[in-house]
Amino acid sequence: MKLNDDDRDILAGSKGAGSRRAMQILISLANIFEARELIPIESAQIAGVSYLNIGDAGLEFLTDWADQEARVRVPSFMNPAGIDRSLWRKMGIPEEFAQKQMKIITTLCRMGVEDTLTCTPYHIDRVPKMGEHLAWSESSAVSYANSVLGARTNREGGPSALASAIIGKTPAYGLHLTKNRLATHRLHVECNIETAADFNLLGYTIGKNIGDAIPLIDGIDIDMNSWYTTLCLKAFGAAMAASGSIALYHISGVTPEAKRAADDIVKEDAVEIIIGDLDDARRSLEQHTTRLQLVTLGCPHSSFDELFYISNLLKDVTLKIPLWITTSAHVYRKAKEDGIIADIEASGALVIVDTCMVVAPLEYLGYSYIAVDSAKAACYLPSHQHAITYFGSTEQCIKSAKEGRWIN
Ligand code: F3S
């Protein structure tokens, strides 16, 4: 692999042990994936922030790296942590967990990573542009950046995203290369896809069917300028990345790289699949009980418009069981200024920042029956939180929180 003089100096230790370690990680990755060069990135997004996921070993690893004077060179963002830094006591999170979590956040801050603590960094003003190279690691954000924004990122692990942030570069392989962004499958959707719940179920179906491939999807007609489309597409990509591990999808005539003729963006030997209904996905996510302890919305983290939409659904509603809506602190601040948070909280619901239902220690809080409006969360909650999980529309989730049991 080609290294320039600057890269070689870093490898020799000119910028300290932390940068050398980062360069070694990138070179190892480049060798595994046969990358020929390192290319500059515009930003990095670092997963593996929650103490629930990385534990003491992860904290020690980060502390060691930060002690080696490793500092990021490009704008770098943190994925959600295991606590809301203001509300953790109210949420019932144990002191020891919160202290360890704070140490992870302050260690990453010491390295220059911004404490955005969100999986939707594209909702915080610095939206990646088409063709920009990134090193992002949260799977739903990777899908959104690649597919909806036309930026280019592989699905990084936490350490490789951090190494890229420190060097300001990533190895040129995988989805950074045009030839690897062609669709491997053509999916013809023959059922109506209109609501966010439909998009969740379709994403779940596609991920289950094609694993880590790249689909070109036709049969979906949407207006890219609507906030509701943004909601649908981020949920769609998140579901595909969770039930499979799809990091890039194209929708014919809609997503930026699929505005060209289909033959230009599909591999010659692409597999054709027809999706006639969403019944299998519905059946897989169905539960045959109604007991409910918690309803959570906001996976991926809610945008300002989504919070406004939810606030309207909660008008004059009184809840029988807790309802959490997760978002970033950035979006929360804007929504608070506009009175949206007060409107939501008038119903008894809680708007939570910095964390989410999958990476907060819900199991310790005693929540084992949880409803969500996200197929991604429905995929992960049973394994990550050992929870009986209900999936439904946002409206169905709110209705269930009002009734105190799952409403089919
Ligand atoms: Fe985000 Fe947590 Fe869902 S990190 S995508 S809200 S599982």
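Where does H386 lie?

Reply: H386 lies in the loop between α15 (375–384) and β14 (388–391). Before we go on: this is a predicted model, where local features need pLDDT of at least 70, side-chain atom pairs count only at pLDDT 80 or more, and totals for chains, interfaces and linings use all residues. Residues are numbered from 1 along each chain as its sequence is written, and side-chain values use heavy atoms, leaving out hydrogens and water.

Most residues other than glycine have a negative phi. With a relative accessible area of 52%, H386 is exposed (over 50%; buried is under 20%, partly exposed in between, with a 1.4 Å probe and protein chains only).

You'll find E69 in the loop between α3 (51–67) and β3 (76–78). E69 counts as exposed because its relative accessibility is 53%.

The peptide bond from C299 to P300 is cis, with omega near -10°, while most peptide bonds are trans.

Now for some helices. The axes of α8 (residues 196–210) and α9 (residues 227–243) come within 7 Å and cross at roughly 25°. That makes α8 roughly parallel to α9 (under 35 degrees; over 145 is roughly antiparallel, 65 to 115 roughly perpendicular, the rest oblique). Axes here are lines fitted to C-alpha atoms over the stretch in contact, with angles from 0 to 180 degrees between N-to-C directions. Contact means heavy atoms within 4.5 Å. Among the residues that meet are F199, L202 and I206 in α8 and L231, F236 and M240 in α9. The residues of this α8 and α9 contact divide into 13 nonpolar, four polar and one charged (Ala, Val, Leu, Ile, Met, Phe, Trp, Tyr, Cys and Pro are nonpolar, Asp, Glu, Lys and Arg charged, the others, Gly among them, polar).

α9 has another partner, α12 (residues 304–313): they pack at an angle of about 100°, with their axes 9 Å apart. So α9 and α12 are roughly perpendicular to each other. W227, L231 and K234 in α9 meet D305, E306 and Y309 in α12. Those contact residues divide into three nonpolar, no polar and three charged.

Key
Helices (H or I, at least four residues) and strands (E, at least two) are DSSP runs, numbered from the N terminus.
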